[in-house]
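Here is a short tour of a two-chain complex, meant to be read with the structure open beside it. Please keep the viewer at hand and follow along.

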Amino acid sequence: MKPFRAGEQKTPPPPQQMSDVAIMRFEHIFEVDPKLMTEHVRQQDFPNWDTQRIAASRHDHLEWMHAHWATVVVSGEELADD
Amino acid sequence: MSAVATPGALDDRALAELAQVLGSEHLITTKPARMHRARVPAPFPVHRWADHLPDAVVLPGSTEEVAEVVRIANRFRIPVVPRAGGTGLTDGAVPLRHGILLDLKRLDRIHEIDLENRTCTVGAGVNMLKLNEVLARHGLIYPDDPASYPCSLVGGRIGTSGWSLIGSRYGHTRDLVLSFIHVLPTGDVVRFGDGGGPKVSKSSTGYTLKPLFMGHQGTLGVATEATLKLYPKPEAELSPFWAFEDYDTAHRALRELAWADCATFAGAVLFDEHKVAYLRRDDEAYIPQPENVRALVCAVLYGNEDEVRPGGKRLMRIARENGARYLGDEISQGDWAARHDRYATPLHGRTKAGQVVPMSWHCEDAAINWTELAAVRREWHAIVARLRERSDVFDDWGMFAYTSARTGVDYLTEIDVGIWEQELDDESWAMWIEAKRDIAAVAVAHGGSISACHGACREGEVDVVPDELGGAYDVMKSLKRTLDPLNVMNPGKYGLDGSFEEDLK
C-alpha cells in the first residue's frame with residue numbers, strides 16, 4: 001500500500017480534456033474547465049482525497065436510494081441481451 | 001379594525017395571545033427565523049426580500065394549537081401563511097402580506113400504522129423519506145415521490161396537490177391521501193376524505209370535498225394530519241435510459257412506451273435537445289456522450305420481480321424498434337436514483353460568453369397533451385431565448401416531459417431556467433414575470449393547464465389562471481369568500497383578493 005503523504009494531496013493529476021467545457025483528472029470525475037471559472041466563480045482547491053471522497057459519497061447515496069425504493073435493481077443490459 | 005386581514009395587524013396583544021397558546025418558545029420573531037421562511041427554492045426577488053417577511057413564526061404542536069392560531073388571526077385580522085417543507089415552486093409558502101407564518105414541522109409524529117388495512121396516519125410535518133424508512137420495517141411504502149422527496153412534507157403535498165414521479169403506477173398525492181384533518185379558515189376543524197370514514201378510498205356519500213381542500217396553496221386552511229394509502233415495498237426496480245438521434249423519434253418512442261400498458265410501468269421521461277446540451281455541459285453521465293445523442297427517454301418499472309422483468313423486456317424491445325440505443329446500466333441506474341432528489345443538485349449556469357455563474361433552478365411546469373408537446377417546446381424555448389438575449393441573468397437548461405398517467409394522455413412538461421439571483425433587479429425581475437406569463441399562456445393556448453405539479457399562483461402565471469379556468473375561476477372566488485370571510489388564509493394568492501375588493505378599499 002502506498003503511504004499517505006499530505007504534500008502529494010495538493011497536486012492533482014494532470015487534466016485530460018473531455019469536451020470543450022470539461023476536463024477529467026480522476027477516472028469518471030469530471031470538472032468544469034478552469035478557463036470558464038475566472039470571472040464570477042473561482043475554482044476551489046481540494047486535496048485529492050477529498051475530491052475522491054465527494055464522488056464516492058455520491059455513489060453511496062445513489063446506492064442507498066436504490067435500496068430505499070426496492071430490494072432488487074434489475075439490469076437493463078441483461079434484458080436487452082435476452 | 002379592518003374588515004379583512006391586512007399587513008401590520010399583528011400587535012402586542014395578538015402576540016401575547018399566541019404565546020399563551022403555543023408557549024413563548026414556539027413563537028419566534030427574530031429576523032433570521034423570519035427571513036429563512038420568507039422564500040422557497042424557486043428564484044426569488046432577493047432585492048425585495050423585505051416585502052415577503054412574516055411578522056412572526058409560530059410552530060404549533062397539535063391540530064388544536066393550529067386551530068387556535070387561526071382563530072386568533074381571525075379576531076385580529078392577521079394574515080396566516082402555512083408552510084410545511086417550504087420546497088414548493090410556486091411560492092405558496094411565500095408571504096405576500098406579512099403576518100403569521102405557520103410552520104408545521106412540529107407535527108412530525110407517526111400516529112398509527114395499520115398493517116391490516118395498509119394505511120398509516122401521520123402529522124402534516126412528516127417527510128416521506130423518513131416515513132418510508134419506518135414503513136420498510138413492515139415491508140411497506142408510501143409511494144409519493146416528488147423531486148423534493150428527501151425534504152418535502154406530507155402537509156405541503158396536500159396543500160399543493162403534488163405530482164409524483166411514479167404516479168403512473170401508484171397515483172399522485174390526491175390518490176394516495178385517503179383523508180385528512182383540516183383546519184378551516186375560521187379555525188373550525190373537520191376531516192375531508194371520501195365519505196366520513198378516515199380509511200375509505202371510494203365513497204359516494206355527500207359532496208366529494210377532498211380534492212377541493214388539496215392544491216389550494218394555503219388559501220382554504222391547513223391540513224394537520226393525514227391518513228395515507230400504503231403499498232408493498234417493491235421487490236424490483238428497472239429504469240432503462242435510451243438515447244435518440246432526434247427529438248421527434250424520442251417523442252414517438254415515449255408514446256409507444258406508455259401505450260405498451262405494462263402493469264409495472266411507473267413512468268417515462270423525455271429529455272429534449274436543450275436538456276441534453278445542458279447535461280453534456282456539466283453532468284458526468286452525459287459529457288462523454290457522442291454528438292449524435294440529441295434526445296433521451298427513460299422509463300421506470302416497480303413491482304414484483306417476476307412482473308418487472310417481462311415488462312422490462314417488452315419495453316426494451318419497443319424502445320429498440322423505435323430507434324433507441326440503450327445507454328447502459330451505470331447511467332440508467334445512477335440517473336434514476338438522482339431523480340428522487342433533484343433539490344440536492346449543486347447549480348451553476350453560464351453567461352453567454354461561457355463563464356460559470358451561480359444560479360438558482362427555476363422549473364416552470366405545465367400539463368400538456370402528447371400531441372402538443374413538440375409545439376409547446378418550440379414556443380417555450382423561443383420565450384427563454386429572448387430572455388437570454390436580453391440578459392445573462394437567465395440560462396435555458398432544457399425541457400423534460402414526464403408521464404402523468406399510464407395511458408400517456410398528458411405530461412408534466414417543464415422548462416428549467418437558471419437564474420442568477422444576485423444580479424436580479426426590478427428590470428430583470430419584470431422580464432422574468434413577463435416570460436412566465438407568456439409560458440403559461442402557451443400552455444393554455446395548446447389546451448393544457450398552467451401547472452401539473454407546482455400550482456399557478458406566482459407572479460406572471462397567476463394572471464393567466466382566469467383565462468384557463470373561465471367560469472370556474474369565479475366559483476373559486478365565491479368559495480374563498482364563503483369559507484374565508486375575513487381573507488385570513490394566505491391573502492393575495494391566486495388573485496383571490498378580487499373577492500374582497502370592497503373590503504380592501
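The buried residues of H11(B) pack against helix H1 (48–69), E4 and helix H2 (76–81) of chain A, together with strand E13 (241–244) and strand E15 (295–303) of chain B. Helices (H or I, at least four residues) and strands (E, at least two) are DSSP runs, numbered from the N terminus. The buried residues are B:Ile331, B:Ser332, B:Gln333, B:Gly334, B:Asp335, B:Trp336, B:Ala337 and B:Arg339. Eight of the eleven residues of H11(B) are buried, so this helix is largely enclosed by the rest of the structure. A residue is called buried if 20 or more other C-beta atoms lie within 10 Å of its own, exposed if 12 or fewer, and partly exposed in between, with C-beta atoms placed from the backbone.

A word on the origin of these coordinates: this is a predicted model, in which local features need pLDDT of at least 70, side-chain atom pairs count only at pLDDT 80 or more, and totals for chains, interfaces and linings use all residues. Residues are numbered from 1 along each chain as its sequence is written, while chains are lettered from A and ligands numbered from 1 in the order in which they are written. The mean pLDDT (the predictor's confidence in each residue, from 0 to 100) of chain B is 96, and 99% of its residues reach 70 or more. For the complex, the predictor gives an ipTM of 0.93 and a pTM of 0.96.

**Where the chains meet**

How many residues of chain B are in contact with chain A? There are 35 of them, in contact with 28 residues of chain A; contact here requires C-beta atoms, placed from the backbone, to lie within 7 Å. The elements of chain B that give two or more residues to this side are strand E12 (236–238), helix H9 (273–282), helix H10 (305–321), helix H11 (329–339) and strand E18 (356–358). By class, that side of chain B has 15 nonpolar, ten polar and ten charged residues. Nonpolar covers Ala, Val, Leu, Ile, Met, Phe, Trp, Tyr, Cys and Pro, charged covers Asp, Glu, Lys and Arg, and the others, Gly among them, are polar.

Strands take part too: E4 (residues 72–73) of chain A runs parallel to E12(B), joined by two bridges. There, A:Val72 stands opposite B:Ala236. Two strands count as paired if DSSP finds at least two bridges between them.

**Sheets in both chains**

In chain A, three strands form an open sheet in the order E1-E2-E3, with antiparallel pairing. Strand E1 (16–17) and E3 of chain A stand at the edges, each with a single partner strand, so one side of each is left without a neighbour in the sheet. In chain B, an open sheet of four strands has the order E1-E2-E4-E3, with mixed pairing. Its edges are strand E1 (27–28) and strand E3 (80–83) of chain B, each with a single partner strand, so one side of each lacks a neighbour in the sheet. Helix H3 (residues 63–76) of chain B packs on this sheet, touching strand E2 (56–58), E3 and E4 of chain B. The direction of H3(B) makes about 170° with that of E4(B); axes are lines fitted to C-alpha atoms, for helices over the stretch in contact, and angles run from 0 to 180 degrees between N-to-C directions.

| Strands | Sense and bridges | Facing residues |
|---|---|---|
| E2 (22–26) and E3 (29–32) of chain A | antiparallel, four bridges | A:Met24 and A:Phe30 |

**Two loop residues with positive phi**

Most residues other than glycine have a negative phi. A:His28, in the loop between E2 and E3 of chain A, has a positive phi near 65°. A:His28 is exposed, with 11 other C-beta atoms within 10 Å. B:Arg118 has a positive phi of about 55° and is found in the loop between strand E5 (110–114) and strand E6 (119–123) of chain B. With 16 C-beta neighbours inside 10 Å, B:Arg118 counts as partly exposed.

Note on methods:
Contact = placed C-beta atoms within 7 Å.
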